[in-house]
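Subject: Structure handover

Dear colleague,

I am passing on the structure below, together with notes on what turned up when I went through it. Please read the notes with the coordinates open beside you.

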Amino acid sequence: MIPWLSDIPERFPPVDLALTEPNGLLAAGGDLSPRRLMAAYRQGIFPWYAPGDPILWWSPDPRMVLFPDQFHISHSLRKTLVRGTYRVRLDRSFAQVLTACATTPRNGQQGTWIVPEMQAAYRHLHELGLAHSVEAWEGDTLVGGLYGVALGRVFYGESMFSHRTDASKVAAAYLARFLERRSFRLIDCQMHTPHLASLGARLIPRQEFVALLESHTGDGPPAGLWTGAEEDFDWKEPHVPA
């Protein structure tokens, strides 16, 4: 049995009480209000549930993370970046990215966990300046991207999609470089996938992950960080951390 959340948005069970099978299941119930979501993220917890289920809250151990300066750019991805095949934009079309992440078919999955209530919650977070999108455009067409939540110096990645070869990888590479230049310490990737591992993400113990959150979620970046902040990076040379 897992506990049912109370009406107090900030109150979650300690993450070390999460189940080992399924890995990380911690609690059920509650709501998707901004207060509860921000409290969850600060504690290393995220919502993930299927249509028709109650809201389920997770904190897996180990945790998949990506340190911005360790993003891996393959030879083929570097060629795509150097060619400038896609133009990257920030927060130009958050709702469109959210919809694409929810509706793009994925290998081995039927349906989506980004249910309408989740979409509404993250649109609200975007309106509050807490959720952001990184978008790959081909001309006037959105062809790939990702969205997530920025809290302090941590970016919590939620989902990505791609309608063209390497489009989501270009968005992810841009995000990593953008965050590194602004002294972000961590990108939370939640769960292990071979795709994320190929980009340089790796598993760390949950205890270490929570300690990083305690150190860096309270150290906020400058206001307006995501507004009109796009820039061009030199992708030709091997990366040297800023």
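In this predicted model, the largest nonpolar core has 50 residues, and those with the most contacts inside it are Leu37, Tyr41, Trp57, Tyr122 and Tyr147. Helix 3, residues 94–103, gives the most to this core, with 6 residues. There is also a second, separate core of 37 residues, which includes Met64, Met160, Tyr174 and Phe233.

Leu37 and Tyr41 lead on to helix 1, which spans residues 34–42 and whose buried residues are Arg36, Leu37, Met38, Ala39, Ala40 and Tyr41. What covers these buried residues includes strand 2 (46–47), strand 3 (56–58), helix 4 (116–127), strand 7 (141–151), strand 8 (154–162) and helix 7 (206–216). After helix 1 comes Gly44, with a positive phi near 85°.

The packing of helix 1 against helix 4 can be described in some detail. Their axes come within 10 Å and cross at roughly 85°, so the two helices are roughly perpendicular to each other. On the side of helix 1 the contact is made by Pro34, Leu37, Met38 and Tyr41, and on the side of helix 4 by Ala121, Tyr122, His124 and Leu125.

Gly24 lies in the segment before strand 1 (25–28), and, leaving aside its neighbours within four places in sequence, is in contact with Ala18, Leu19, Trp57, Trp58, Ser59 and Pro60. The C-alpha atoms of Gly24 and Ile45, which are 21 residues apart along the chain, are separated by 9.0 Å.

Finally, the cysteines: how many disulfides does a search of the whole structure find? The search finds 0. For Cys101, the closest cysteine sulfur is that of Cys189, and because the separation is 14 Å, the two are too far apart for a bond. Cys189 is accordingly in no disulfide, with the sulfur of Cys101 as its nearest cysteine sulfur. Cys101 counts as buried, at 1% relative accessibility, and Cys189 counts as buried too, at 14%.

With best regards

How values were computed. Residues are numbered from 1 along each chain as its sequence is written. This is a predicted model: local features need pLDDT of at least 70, side-chain atom pairs count only at pLDDT 80 or more; totals for chains, interfaces and linings use all residues. Side-chain values use heavy atoms; hydrogens and water are left out. Buried means under 20% relative accessible area, exposed over 50%, partly exposed in between (1.4 Å probe, protein chains only). Helices (H or I, at least four residues) and strands (E, at least two) are DSSP runs, numbered from the N terminus. Contact means heavy atoms within 4.5 Å. A nonpolar core is a set of buried Ala, Val, Leu, Ile, Met, Phe, Trp, Tyr and Cys residues joined through side-chain atoms within 4.5 Å. A disulfide is a pair of cysteine sulfur atoms within 2.5 Å. Axes are lines fitted to C-alpha atoms, for helices over the stretch in contact, and angles run from 0 to 180 degrees between N-to-C directions. Angles under 35 degrees count as roughly parallel, over 145 as roughly antiparallel, 65 to 115 as roughly perpendicular and the rest as oblique.
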